[in-house]
Amino acid sequence: MKFFIDNIWLIALALVSGGALMWPVIGQRGQKVSILQATQLINQGKGVIVDVREPAAFAAGHMRDAKNIPLKELSNRIGELEKFKSKSVIAVCQAGMQSAKAAAQLKKAGFADASSLDGGFAAWQAQGMPIAK
(Lines give C-alpha, C1' and ligand atoms only; values in the text may rest on other atoms or scores of the structure.)
Protein backbone atom coordinates (compact mmCIF):
# COMPACT_ATOMS: atom_id res chain seq x y z
CA MET A 1 0.00 0.00 0.00
CA LYS A 2 2.87 2.34 0.80
CA PHE A 3 4.21 1.80 -2.74
CA PHE A 4 0.93 3.08 -4.27
CA ILE A 5 0.85 6.13 -2.02
CA ASP A 6 4.49 7.00 -2.68
CA ASN A 7 4.09 6.60 -6.45
CA ILE A 8 0.57 7.92 -7.04
CA TRP A 9 1.71 10.38 -9.72
CA LEU A 10 3.55 7.70 -11.68
CA ILE A 11 0.56 5.38 -11.48
CA ALA A 12 -1.76 8.17 -12.62
CA LEU A 13 0.58 8.98 -15.52
CA ALA A 14 0.64 5.31 -16.55
CA LEU A 15 -3.17 5.12 -16.49
CA VAL A 16 -3.58 8.32 -18.50
CA SER A 17 -1.04 7.28 -21.14
CA GLY A 18 -2.64 3.84 -21.39
CA GLY A 19 -6.01 5.47 -21.90
CA ALA A 20 -4.57 7.71 -24.60
CA LEU A 21 -3.24 4.66 -26.42
CA MET A 22 -6.60 2.92 -26.21
CA TRP A 23 -8.63 5.95 -27.37
CA PRO A 24 -8.52 5.14 -31.13
CA VAL A 25 -9.91 1.67 -30.48
CA ILE A 26 -12.56 2.90 -28.05
CA GLY A 27 -13.46 5.90 -30.23
CA GLN A 28 -14.32 3.89 -33.34
CA ARG A 29 -18.00 4.08 -34.04
CA GLY A 30 -20.14 1.62 -35.84
CA GLN A 31 -19.45 -0.93 -38.47
CA LYS A 32 -16.77 -0.33 -41.07
CA VAL A 33 -16.26 -2.05 -44.40
CA SER A 34 -12.96 -2.40 -46.21
CA ILE A 35 -12.45 -1.30 -49.80
CA LEU A 36 -12.60 -4.95 -50.88
CA GLN A 37 -15.88 -5.56 -49.05
CA ALA A 38 -17.38 -2.36 -50.48
CA THR A 39 -16.32 -3.33 -54.00
CA GLN A 40 -17.90 -6.76 -53.62
CA LEU A 41 -21.17 -5.31 -52.33
CA ILE A 42 -21.31 -2.78 -55.17
CA ASN A 43 -20.48 -5.35 -57.87
CA GLN A 44 -23.11 -7.78 -56.54
CA GLY A 45 -25.73 -5.02 -56.55
CA LYS A 46 -26.18 -5.35 -52.79
CA GLY A 47 -24.71 -1.99 -51.81
CA VAL A 48 -25.37 1.68 -52.33
CA ILE A 49 -22.86 4.47 -51.71
CA VAL A 50 -23.84 7.66 -49.87
CA ASP A 51 -21.13 10.32 -50.10
CA VAL A 52 -21.51 12.69 -47.13
CA ARG A 53 -18.88 15.22 -48.25
CA GLU A 54 -19.75 18.74 -49.34
CA PRO A 55 -20.93 19.19 -52.96
CA ALA A 56 -17.67 20.88 -54.03
CA ALA A 57 -15.58 17.92 -52.85
CA PHE A 58 -18.06 15.52 -54.44
CA ALA A 59 -17.84 17.38 -57.77
CA ALA A 60 -14.03 17.16 -57.71
CA GLY A 61 -14.25 13.37 -57.68
CA HIS A 62 -16.40 10.63 -56.18
CA MET A 63 -17.10 6.92 -56.28
CA ARG A 64 -19.11 5.78 -59.28
CA ASP A 65 -22.91 5.81 -58.73
CA ALA A 66 -22.55 7.51 -55.31
CA LYS A 67 -25.38 9.70 -54.04
CA ASN A 68 -24.26 12.99 -52.53
CA ILE A 69 -26.05 13.93 -49.32
CA PRO A 70 -23.84 16.15 -47.13
CA LEU A 71 -23.70 15.06 -43.50
CA LYS A 72 -25.34 18.26 -42.22
CA GLU A 73 -28.33 17.61 -44.54
CA LEU A 74 -28.60 13.85 -43.95
CA SER A 75 -31.26 13.99 -41.23
CA ASN A 76 -33.53 16.11 -43.48
CA ARG A 77 -32.89 14.11 -46.68
CA ILE A 78 -32.90 10.58 -45.27
CA GLY A 79 -36.21 9.94 -47.05
CA GLU A 80 -34.33 9.88 -50.36
CA LEU A 81 -32.69 6.65 -49.21
CA GLU A 82 -35.84 4.81 -48.07
CA LYS A 83 -35.87 2.62 -51.18
CA PHE A 84 -32.40 1.31 -50.23
CA LYS A 85 -33.31 -0.04 -46.78
CA SER A 86 -33.00 -3.61 -48.04
CA LYS A 87 -29.45 -2.99 -49.32
CA SER A 88 -26.16 -2.34 -47.57
CA VAL A 89 -25.70 1.41 -47.29
CA ILE A 90 -22.05 2.48 -47.26
CA ALA A 91 -21.38 6.02 -46.09
CA VAL A 92 -18.24 7.68 -47.47
CA CYS A 93 -16.42 10.86 -46.45
CA GLN A 94 -12.88 12.05 -47.09
CA ALA A 95 -11.08 10.12 -44.32
CA GLY A 96 -13.72 7.92 -42.67
CA MET A 97 -14.58 10.00 -39.60
CA GLN A 98 -17.70 11.85 -40.77
CA SER A 99 -19.06 8.74 -42.47
CA ALA A 100 -19.10 6.92 -39.13
CA LYS A 101 -21.50 9.60 -37.84
CA ALA A 102 -23.61 9.19 -40.97
CA ALA A 103 -23.74 5.41 -40.54
CA ALA A 104 -24.90 5.89 -36.95
CA GLN A 105 -27.67 8.24 -38.14
CA LEU A 106 -28.74 5.73 -40.77
CA LYS A 107 -28.88 2.92 -38.21
CA LYS A 108 -31.09 5.08 -35.96
CA ALA A 109 -33.36 5.70 -38.96
CA GLY A 110 -33.90 1.97 -39.44
CA PHE A 111 -31.23 1.01 -41.97
CA ALA A 112 -30.18 -2.40 -40.68
CA ASP A 113 -26.98 -2.65 -42.72
CA ALA A 114 -25.39 0.80 -42.59
CA SER A 115 -21.61 1.10 -42.41
CA SER A 116 -18.80 3.45 -43.28
CA LEU A 117 -15.91 2.96 -45.69
CA ASP A 118 -12.72 2.37 -43.72
CA GLY A 119 -10.27 5.15 -44.66
CA GLY A 120 -12.88 7.03 -46.68
CA PHE A 121 -12.52 8.39 -50.20
CA ALA A 122 -8.81 9.10 -49.63
CA ALA A 123 -8.16 5.37 -49.12
CA TRP A 124 -10.30 4.56 -52.17
CA GLN A 125 -8.16 6.89 -54.31
CA ALA A 126 -4.91 5.63 -52.78
CA GLN A 127 -5.80 2.09 -53.88
CA GLY A 128 -6.28 3.31 -57.47
CA MET A 129 -9.98 2.48 -57.49
CA PRO A 130 -12.17 4.07 -60.20
CA ILE A 131 -13.62 7.52 -59.58
CA ALA A 132 -16.09 9.67 -61.47
CA LYS A 133 -16.14 13.43 -61.91
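Author: This is a predicted model. Along the sequence, its protein chain runs through the pattern α-α-β-α-β-α-β-α-β-α-β-α, with seven helices and five strands in total.

Reader: What radius of gyration does the protein chain have, and what would a compact globule of 133 residues have?

Author: The protein chain has 19 Å, whereas a compact globule of 133 residues would be near 14 Å. Along the principal axes, the C-alpha atoms occupy a box of roughly 65 × 35 × 30 Å. Of the 133 residues, 33% count as buried.

Reader: Which residues make the nonpolar surface patch?

Author: Met 1, Phe 3, Phe 4 and Ile 5 form a patch of about 530 Å². One of these residues, Phe 4, belongs to helix H1, which spans residues 2-6. Phe 4 counts as partly exposed because its relative accessibility is 49%, and that class lies between 20% and 50%.

Reader: Which charged residues lie over the face of a ring?

Author: Arg 53 lies over the face of Phe 121, at 4.3 Å from the ring centre. Lys 85 lies over the face of Phe 111, at 5.5 Å from the ring centre. As for aromatic pairs, the structure holds zero.

Definitions and conventions
Residues numbered from 1 in each chain as written. Predicted model: local features only at pLDDT ≥ 70, side-chain atom pairs only at ≥ 80, totals over all residues. Heavy atoms only, no water. Phe/Tyr/Trp six-rings, centres within 6.5 Å; stacked < 30°, edge-to-face > 60°. Lys NZ or Arg CZ within 6 Å of the ring centre and 35° of its normal. Patch = residues over 30% accessible without salt bridge, like charges linked within 9 Å, V, L, I, M, F, W, Y side chains within 5 Å. Areas by Shrake-Rupley, 256 points an atom, 1.4 Å probe, with all protein chains shown as cover. Salt bridge = Lys/Arg side-chain N within 4 Å of Asp/Glu carboxyl O. Helix = DSSP H or I, 4+ residues; strand = E, 2+ residues; numbered from the N terminus. Buried < 20%, exposed > 50% of the residue type's maximum accessible area, 1.4 Å probe, protein only. Rg over C-alpha atoms; globule rule 2.2 N^0.38 Å.
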